[in-house]
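I opened this entry to record what I looked up in the model, item by item. The structure goes in first, and my notes follow it.

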Amino acid sequence: MCCYVCLGVLVASLAPHIYISCCYARSAETNDDYNPEEETAADVIPKSDAEKAAIRAGLAKNEIFGMCTDDQLDFLVKGFSELGVETGEVVISQGEPGDHFYVVASGQFVASLEQKNNAIVAEYGVGDSFGELALLYNSPRAATVTCKEGGRVWALERKRFRYVMVSSGAQNLT
C-alpha cells in the first residue's frame, strides 16, 4: 500500500508513472497512527448542528475529501476544535512541521511565501481550508498563514486527519 493512498489513487488515475515512483520513493510514517477504538470522550469536541454543518461545508470545498464517506466526514468533524485568532497572529509558519489542518470559521487569513519576499499568494475566508499539504506529504509547511482580520478557525489534529486520508484511499482501492 502506498504511504499516501488517498492521494495516490487520485494521482494514479491522472499519471500512473508518478504514482509508481511515489510508492517506491516514500515509506509510510506510522509514528502518529490513530486508533479510533482508543478514542475517549475528550477526543470528541461538542459542537452545535450549525457548527458541524459549517465544518462539513468547508471540507466539501476541498477536493481531498471528495473520496471520504459520510461516516469518515462525521469522524473528522468530531475532532475539530475551535481556536480564536487575533489580527496579525501567525497560524502556521513556513518551514515548520505540520500538526493541524484548519477550516476558517470567521475572519480573513493570508498565505505568504518567504521565497517571494513574503508576498501574499492566497487569501482564505469563511469555509476555506489550509494546512493539508504538510500533513499529506509529511513535509514542512509550504507557506506562512497569518490572520488579516481577527476571527476563528476550526483545527483538526494531524493523527485524525491522516487516519481518514489513509482509510478513505484504502477503501477506494478495493
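I began with N118, which is exposed because its relative accessible area is 51%; exposed means over 50%, buried under 20% and partly exposed in between, with a 1.4 Å probe and protein chains only. I note at once that this is a predicted model, in which local features need pLDDT of at least 70, side-chain atom pairs count only at pLDDT 80 or more, and totals for chains, interfaces and linings use all residues. Residues are numbered from 1 along each chain as its sequence is written, and side-chain values use heavy atoms, with hydrogens and water left out.

I placed N118 in the loop between β3 and β4, and I read its phi as near 60°, a positive value in a residue other than glycine. N117 is found in the loop between β3 (100–113) and β4 (119–124), and its phi, near 55°, is likewise positive in a residue other than glycine. I noted the background for this: most residues other than glycine have a negative phi. N117 is exposed, with a relative accessible area of 72%.

**The chain as a whole**

I then looked up the secondary structure, which comes to six helices and six strands in the protein chain; helices (H or I, at least four residues) and strands (E, at least two) are DSSP runs, numbered from the N terminus. From the N terminus on, I wrote the order of the elements down as α-α-α-α-β-β-β-β-β-α-β-α.

Of the 174 residues in the protein chain, 43% are buried. The chain exposes about 9,400 Å², of which carbon and sulfur atoms supply 53%; these accessible areas come from the Shrake-Rupley method with a 1.4 Å probe, and for residues only the protein chains shown count as cover. For contacts, meaning heavy atoms within 4.5 Å, I took those with a separation of 6 or more, and residues 24 or more positions apart account for 76% of them.

**Helices α3 and α4**

At what angle do helix α3 and helix α4 pack? I found about 120° between helix α3 (residues 49–60) and helix α4 (residues 70–79), with their axes 10 Å apart; the axes are lines fitted to C-alpha atoms, for helices over the stretch in contact, and the angles run from 0 to 180 degrees between N-to-C directions. That makes α3 oblique to α4, the class left over once angles under 35 degrees count as roughly parallel, over 145 as roughly antiparallel and 65 to 115 as roughly perpendicular.

I listed K52, I55, R56 and L59 of α3 as making the contact, together with D70, L73, D74, L76 and V77 of α4. By class, I recorded five nonpolar, no polar and four charged residues in the contact of α3 with α4; Ala, Val, Leu, Ile, Met, Phe, Trp, Tyr, Cys and Pro count as nonpolar, Asp, Glu, Lys and Arg as charged, and the others, Gly among them, as polar.

Two residues of helix α4 went into the notebook separately. L76, found in helix α4, counts as buried because its relative accessibility is 0%. Leaving aside its neighbours within four places in sequence, I have L76 in contact with L59, F65, L156, R160, F161 and V164. L76 and L59 are 17 residues apart in sequence, and their C-alpha atoms are 9.3 Å apart in space. D74, also found in helix α4, counts as partly exposed at 36% relative accessibility; D74 and I55 are 19 residues apart in sequence and 9.8 Å apart in space, C-alpha to C-alpha.

Not counting residues up to four places away in sequence, A111 touches A119, I120, V121, A122, Y124, A143, T144 and V145.

S81, found in strand β1 (residues 81–85), is partly exposed, with a relative accessible area of 25%. Its contacts, leaving aside neighbours within four places in sequence, are with I45, V153, W154 and A155. My last entry is the pair S81 and L156, which are 75 residues apart along the chain, with their C-alpha atoms separated by 6.6 Å.
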